[in-house]
Amino acid sequence: MHGPASPGWLLVALCAATGGYCLLRMRSTVEEQRRAAGGEALMGFGMAAMAVPAAVIAPPRWAWLVYAAVFGAAALRALWAARTGPHHLHHLMGASAMAYMAAVMATAPGHHHASGGSGVPLLTTALLVYFTGYVLLSGVRLVSVPVLAVGGGGGTGSLGWGDRPELARACRLSMGIATVAMLITL
């Protein structure tokens, strides 16, 4: 992605840490949580790879095409899963956004895609609006989790790392923030 190296490395670290935690969540005893965590680990590590500053490593065009294909396949899988529940629609949006960003980078590596003063493309704007709204809503939900957990008389102390809903929400929130940052620097 375009942009300065220091924030790029922070984005790489955030996404890699998120992907690592999602791997831990795959040890959950709940099958649906394991499946979701696997997809989120793919997204976290894929986002980390895409966020490596171009000044350090400028991936060849074919690498961006591979990213687009992997995230496109993840989007198709999320679309298929969305028929069983609407919560898969966010995964569809995330995978589609990553496929879109990779496709943009494949067509114009090293250059901003808004050439000729034409401004930000409509799809980028729509994705920014969606993910900004998602981040704000997720942040509000995450802030309210500890209050509910304290008022609920505990119970969360017996949960393993893979089954902590507030950590899963924080994981999704960090990936949403990373997506907003990547869309802004696109």
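**Ground rules**

I number residues from 1 along each chain as its sequence is written. Because the model is predicted, local features need pLDDT of at least 70 and side-chain atom pairs count only at pLDDT 80 or more, while totals for chains, interfaces and linings use all residues; side-chain values use heavy atoms, with hydrogens and water left out.

**Entry 1: the overall make-up**

I started with the secondary structure and found six helices and zero strands in the protein chain. Helices here are DSSP runs of H or I with at least four residues, strands are runs of E with at least two, and the numbering goes from the N terminus. Read from that end, the order is α-α-α-α-α-α.

Next I looked up burial: 39% of the 186 residues in the protein chain are buried. Buried means under 20% relative accessible area, exposed means over 50%, and partly exposed is in between (1.4 Å probe, protein chains only).

I also checked how far apart in sequence the contacting residues sit. Of the contacts with a separation of 6 or more, 78% are between residues 24 or more positions apart. A contact is heavy atoms within 4.5 Å.

**Entry 2: H2 against H3**

Two packed helices are described by the angle between their axes and the distance between the axes. For H2 (residues 31-51) and H3 (residues 61-81), I get about 160° and 12 Å. The axes are lines fitted to C-alpha atoms, for helices over the stretch in contact, and the angles run from 0 to 180 degrees between N-to-C directions.

H2 and H3 are therefore roughly antiparallel. The cut-offs: under 35 degrees is roughly parallel, over 145 roughly antiparallel, 65 to 115 roughly perpendicular, and the rest oblique.

The crossing of H2 and H3 is left-handed. That term applies if the near helix is turned anticlockwise from the far one by less than a right angle; clockwise would be right-handed.

Which residues in H2 meet H3? On the H2 side I listed Arg-35, Leu-42, Met-43, Gly-46, Met-47, Ala-49 and Met-50; their partners in H3 are Trp-64, Tyr-67, Val-70, Phe-71, Ala-74 and Arg-77. By class, the contact of H2 with H3 has ten nonpolar, one polar and two charged residues. (Ala, Val, Leu, Ile, Met, Phe, Trp, Tyr, Cys and Pro count as nonpolar, Asp, Glu, Lys and Arg as charged, and the others, Gly among them, as polar.)

Beyond four places in sequence, Tyr-67 touches Ala-49, Met-50 and Ala-102. Tyr-67 and Ala-102 are 35 residues apart in sequence, yet 5.9 Å apart in space, C-alpha to C-alpha.

**Entry 3: Val-12 in H1**

Val-12 lies in H1 (residues 5-25) and is buried, at 13% relative accessible area. Not counting residues up to four places away, Val-12 touches Ala-48, Ala-51, Val-52 and Pro-53. I also looked up Met-50, which is 38 residues from Val-12 in sequence and 8.2 Å away, C-alpha to C-alpha.

Is His-88 buried or exposed? His-88 is buried, with a relative accessible area of 11%. This residue is in H4 (residues 88-107). Neighbours within four places aside, His-88 is in contact with Glu-32, Ala-78, Ala-81 and Ala-82.

H4 packs on H6 (residues 165-185) at about 25°, with the axes 11 Å apart. That makes H4 roughly parallel to H6, and their crossing is left-handed. Ala-97, Met-98 and Met-101 in H4 meet Thr-179, Met-182 and Leu-183 in H6. The contact of H4 with H6 has five nonpolar residues, one polar and no charged.

**Entry 4: aromatic rings**

How many aromatic pairs are there in the whole structure? My search found three. Rings of Phe, Tyr and Trp (its six-membered ring) pair if their centres lie within 6.5 Å; planes under 30 degrees apart are stacked, over 60 edge-to-face, and the rest tilted.

Tyr-130 and Phe-131 are edge-to-face, at 4.9 Å centre to centre and 90° between the planes. Tyr-130 is partly exposed at 28%, whereas Phe-131 is buried at 2%.

The planes of Tyr-130 and Tyr-134 are at 15°, with the centres 6.5 Å apart, so this pair is stacked. Both tyrosines, Tyr-130 and Tyr-134, lie in H5 (residues 122-151), four residues apart, about one turn of the helix. Tyr-134 is buried at 17%. I noted Tyr-130, Phe-131 and Tyr-134 as one aromatic cluster.
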